[in-house]
Amino acid sequence: VQLQASGGGLVQAGGSLRLSCAASGRTFSSYAMGWLRQAPGKEREFVAAISWGGGGTYYADSVKGRFTVSRDNAKNTVYLQMNSLKPEDTAVYYCAAGSLPKRDGARYDYWGQGTLVTVSS
């Protein structure tokens, strides 16, 4: 499966952005999807994940209550709605596909190219 992330940009602290990740292939609905991010000079970290059917969602503590992951299997797309953004949310955000919605990025098999989110203070 091929993944294409989009929706990043520059936003002020407190603002919102919605990231999208469009997938190619007819097997999208069989994959769990994850969002991970990497800030400059830092290691990649887990942000959120969603099960193949959308019934299970998982969040890093740092984004819980502010970010919402969702998916539309009919559109082969997963979303990350980000509200109340903080400067520390600045990072390149990646979507990834795997068999289970894991926090460990190494457990994902396919990756998108990343989209940059910059939050100004």
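The legends below describe close-up views of a predicted model.

**View 1. The largest nonpolar core of the model has 35 residues.**
Met33, Trp35, Leu80, Met82 and Tyr93 have the most contacts inside this core. At least two core residues come from each of strands E1 (3-6), E3 (17-23), E4 (32-38), E5 (45-50), E7 (67-72), E8 (77-82), E9 (91-98) and E11 (115-120). In soluble globular proteins, nonpolar side chains tend to be buried together.

**View 2. Met82 and the residues in contact with it are shown here.**
Neighbours within four places of Met82 in sequence are left aside. The contacts of Met82 then include Gly15, Ser16, Leu17 and Leu19. Arg66 and Phe67 are also in contact with Met82, as are Tyr93 and Val117. Met82 and Tyr93 are both among the residues with the most contacts inside the largest nonpolar core.

**View 3. Arg37 forms salt bridges with Glu45 and Asp89.**
The side chains of Arg37 and Glu45 come to 2.6 Å, N to O. Arg37 is buried at a relative accessible area of 5%, whereas Glu45 is partly exposed at 34%. Between the side chains of Arg37 and Asp89, the N to O distance is 3.0 Å. This pair links distant parts of the chain, with Asp89 in the loop between E8 and E9 and Arg37 in strand E4, 52 residues apart. Both Asp89 and Arg37 are buried.

**View 4. Lys64 and Asp61 form a salt bridge.**
The closest N and O atoms of Lys64 and Asp61 are 3.3 Å apart. Lys64 is partly exposed, and its relative accessible area is 49%. Asp61 counts as exposed, with 66% relative accessibility. Elsewhere, salt bridges that share partners join Arg37, Glu45, Arg66 and Asp89 into one network. The structure holds four salt bridges.

**View 5. Tyr108 is a buried residue in the loop between E9 and strand E10 (110-111).**
The relative accessible area of Tyr108 is 5%, and Tyr108 counts as buried because this value is under 20%. With neighbours within four places in sequence left aside, Tyr108 is in contact with residues including Ala32, Met33, Gly34 and Leu36. Ala49 is also in contact with Tyr108. Further contacts of Tyr108 include Ala96, Ala97, Gly98, Leu100, Pro101 and Lys102. Pro87 is 21 residues from Tyr108 in sequence, and their C-alpha atoms are 27 Å apart.

**View 6. Four strands form an open sheet in the order E1-E3-E8-E7.**
The strands of this sheet pair in the antiparallel sense. E1 and E7 stand at the edges with a single partner strand each, so one side of each has no neighbour in the sheet. From one strand to the next, the twist averages 15°. Strands of a sheet pair through backbone hydrogen bonds, either parallel or antiparallel.

Leu3 stands opposite Ala23 in E3, and Ala22 in E3 is the bridge partner of Gln4. In a regular strand the side chains alternate between the two faces of the sheet. Along E1, the side chains of Leu3 and Ala5 point to one face and are buried.

Methods:
Residues numbered from 1 in each chain as written. Predicted model: local features only at pLDDT ≥ 70, side-chain atom pairs only at ≥ 80, totals over all residues. Heavy atoms only, no water. Core = buried A, V, L, I, M, F, W, Y, C linked by side-chain atoms within 4.5 Å. Buried < 20%, exposed > 50% of the residue type's maximum accessible area, 1.4 Å probe, protein only. Contact = heavy atoms within 4.5 Å. Pairing = 2+ DSSP bridges. Axes fitted to C-alpha atoms, helices over the stretch in contact; angles between N-to-C directions.
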